[in-house]
Amino acid sequence: MQLGFVGLGRMGLNMVTRLVRGGHQVVAYDRSVEAVARAEAAGARRASSLDALVAALTAPRAVWVMVPAGDPTESTVSALAGLLTPDDAIIDGGNTNFHDDVRRAQALSAKRLNYVDAGTSGGIWGLQEGYCLMVGGKADVCKRLEPIFLTLAPAGGYLHVGDQGAGHYVKMIHNGIEYGLMQAYAEGFELMHESPYKVDLGAVAALWNHGSVVRSWLLELAASALAEDRDLADLQGYVEDSGEGRWTLQEGIERGVPLPALTAAVFTRFRSRENNPFAERLLAALRNQFGGHAVKKAP
Ligand SMILES: NC(=O)c1ccc[n+]([C@@H]2O[C@H](COP(=O)([O-])OP(=O)(O)OC[C@H]3O[C@@H](n4cnc5c(N)ncnc54)[C@H](OP(=O)(O)O)[C@@H]3O)[C@@H](O)[C@H]2O)c1
């Protein structure tokens with residue numbers, strides 16, 4: 001089917017490529033001219049502006065937005081809403097907060113525009129492996145867009161999970177689980193790294209992907225990283241977060257659902273960005289105050 005696509009970064013360009021290979025007609029736009037040229041080389045039709053993109057599509061149109069969540073997605077959706085006509089659909093595939101989906105869906109419905117939130121997982125491997133899609137939106141609209149979802153996803157990798165917001169809600173929790181899994185692997189491998197046994201960490205990660213209950217794709221990635229360098233010596237242990245972990249925690253607090261593993265994982269990331277943090281300095285100071293315990297002075 002025909003699809004407009006906005007945002008041709010790490011995710012978007014590969015998704016456009018997969019859609020073109022799947023026989024869809026894609027009209028692609030990005031604020032970067034070079035990115036649009038890459039999409040054209042992959043077989044998409046180029047658009048030089050959002051106006052041009054909308055003009056190149058036949059109603060009822062469908063436009064996939066794949067830009068950073070927050071202001072970039074908000075401004076892109078608003079601009080599209082001013083250009084599209086009733087029954088057209090906007091699909092947000094970025095990592096949007098589900099509260100924003102609900103608000104946008106209501107605002108767009110006043111213009112008789114459809115809004116679909118497609119939680120997308122697969123990262124830079126999605127081009128070859130397919131993207132796991134968690135889709136929220138009106139059932140009839142999602143059904144109309146199904147050829148797109150079925151091409152992007154691997155077999156069995158697409159599900160309509162509920163009304164608007166449900167797709168990103170499920171994706172948010174998916175990412176929260178991802179934080180916890182990564183934290184558990186990181187802790188276990190650190191202990192093995194520090195052990196007296198000179199265990200081949202990459203080989204163990206690979207081993208566990210053969211019949212073990214902890215096998216997973218994350219473990220395959222760990223095997224690959226550890227095979228390159230057992231000590232990960234070139235890396236700094238500085239870990240960013242992109243919001244979904246925090247949102248999942250907020251939702252747990254809102255609903256009174258305990259999330260201890262995720263809490264530890266999110267706060268470990270915060271701590272990873274600090275150098276000689278105040279809290280640890282205060283711990284040392286207190287032990288020194290009450291017990292005269294030795295402290296190390298800052299260099
Ligand atoms: N990377 C992943 O593994 C992954 C997985 C699932 C979901 N996602 C989500 O998918 C979305 C895209 O991620 P990505 O990794 O492809 O990001 P990316 O590589 O940074 O690409 C983002 C694209 O959006 C464009 N953009 C940035 N700000 C914009 C704005 N204000 N208005 C219009 N376009 C703007 C960028 O253009 P410039 O290059 O000119 O800045 C770029 O083409 C995000 O919401 C992300 O959370 C990412």
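What percentage of the 299 residues in the protein is made up of buried residues? Buried residues account for 35% of the 299 residues, a residue being buried if 20 or more other C-beta atoms lie within 10 Å of its own, exposed if 12 or fewer, and partly exposed in between, with C-beta atoms placed from the backbone. The structure is a predicted model, in which local features need pLDDT of at least 70 and side-chain atom pairs count only at pLDDT 80 or more, whereas totals for chains, interfaces and linings use all residues. Residues are numbered from 1 along each chain as its sequence is written.

The protein contains 14 helices and 8 strands; helices (H or I, at least four residues) and strands (E, at least two) are DSSP runs, numbered from the N terminus. The C-alpha trace spans about 75 × 40 × 35 Å along its principal axes. Of the contacts between residues at least 6 apart in sequence, 62% join residues at least 24 apart, two residues being in contact if their C-beta atoms, placed from the backbone, lie within 7 Å.

The domain assignment gives domain 1 (2-164) and domain 2 (171-276), with bounds that come from an automatic or database domain assignment. A distance of 30 Å separates the C-alpha centres of domain 1 and domain 2. To the contact, domain 1 and domain 2 contribute 7 residues each. On the side of domain 1 that touches domain 2, the residues comprise 3 nonpolar, 4 polar and no charged; Ala, Val, Leu, Ile, Met, Phe, Trp, Tyr, Cys and Pro count as nonpolar, Asp, Glu, Lys and Arg as charged, and the others, Gly among them, as polar.

Two helix pairs were examined. Helix H10 (residues 201-208) packs against helix H11 (residues 217-228) at an angle of about 160 degrees, the axes being 7 Å apart. Axes are lines fitted to C-alpha atoms, for helices over the stretch in contact, and angles run from 0 to 180 degrees between N-to-C directions. H10 and H11 are therefore roughly antiparallel to each other, since angles under 35 degrees count as roughly parallel, over 145 as roughly antiparallel, 65 to 115 as roughly perpendicular and the rest as oblique. Leu-201, Gly-202, Ala-205, Ala-206 and Trp-208 of H10 make the contact with Leu-219, Ala-222, Ala-223, Leu-226 and Ala-227 of H11. By class, this contact of H10 with H11 has 9 nonpolar, 1 polar and no charged residues.

For helix H12 (residues 244-255) and helix H13 (residues 260-272), the axes come within 10 Å and cross at roughly 140 degrees. H12 and H13 are therefore oblique to each other. Gly-245, Arg-246, Thr-248 and Leu-249 in H12 meet Leu-262, Thr-263, Ala-265 and Val-266 in H13. The residues of this contact of H12 with H13 divide into 4 nonpolar, 3 polar and 1 charged.

Backbone features were also identified in loops. Most residues other than glycine have a negative phi, and most peptide bonds are trans. The peptide bond from Ala-59 to Pro-60, however, is cis, with omega near -5 degrees, and Pro-60 is placed in the loop between helix H3 (50-55) and strand S4 (62-65). Asp-87, in the loop between helix H4 (71-81) and strand S5 (89-92), has a positive phi near 80 degrees. Asp-87 counts as partly exposed because 13 C-beta neighbours lie inside 10 Å. Arg-112, in the loop between helix H5 (98-109) and strand S6 (114-121), has a positive phi near 60 degrees. With 11 C-beta neighbours inside 10 Å, Arg-112 is therefore exposed.
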